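These entries record what I looked up in one structure. I began with a single helix and then followed its contacts.

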Amino acid sequence: MQQVQLSEVEQRVYQAVTTLEQRGQVPYPDLIGEEAGLSEEQVRAPLHLLTEKGLLHREDSPMAGLDFGPRFCARQMA
């Protein structure tokens, strides 16, 4: 399995997502930023990069009219 190199910010964001999931909280960008100690603006690029690297996936709200924004979930490693 190929090792994926992450920047410090990407590591913090990924850890924030997994921590929120473990607590049963929905990993929305604002909560991810709060957990990582970053602003919502600062987590946008790392979220995009982690998604491109296949470590996170984006889920949009499945219910019309109840869109709280995208949530980002960690991919389960085999």
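I took the expected span of a helix as 1.5 Å times one less than its number of residues. Helices are DSSP runs (H or I, at least four residues) and strands are E runs of at least two, numbered from the N terminus. I noted that this is a predicted model, in which local features need pLDDT of at least 70 and side-chain atom pairs count only at pLDDT 80 or more, while totals for chains, interfaces and linings use all residues. Residues are numbered from 1 along each chain as its sequence is written, and side-chain values use heavy atoms, with hydrogens and water left out.

Entry on length. The 16 residues of α1 should span 22 Å at 1.5 Å a residue, and the end C-alpha atoms of α1 are 23 Å apart, which agrees. Just after α1, I found Gly24 with a positive phi of about 85 degrees.

Entry on burial. I counted a residue as buried under 20% relative accessible area (1.4 Å probe, protein chains only). In α1, the buried residues are Glu10, Val13, Ala16, Val17, Thr18, Thr19 and Leu20. They pack against α2 (29–36), α3, β1 (56–59) and β2 (71–74), where contact means heavy atoms within 4.5 Å.

Entry on Val17. I asked which residues Val17 touches, not counting residues up to four places away in sequence. They are Pro27, Ile32, Leu47, Leu56, Phe72, Cys73 and Ala74.

Entry on the partner helix. In α1, Val9, Glu10, Val13, Tyr14 and Val17 meet Val43, Pro46, Leu47, Leu49 and Leu50 in α3.

Terms used. Buried < 20%, exposed > 50% of the residue type's maximum accessible area, 1.4 Å probe, protein only.
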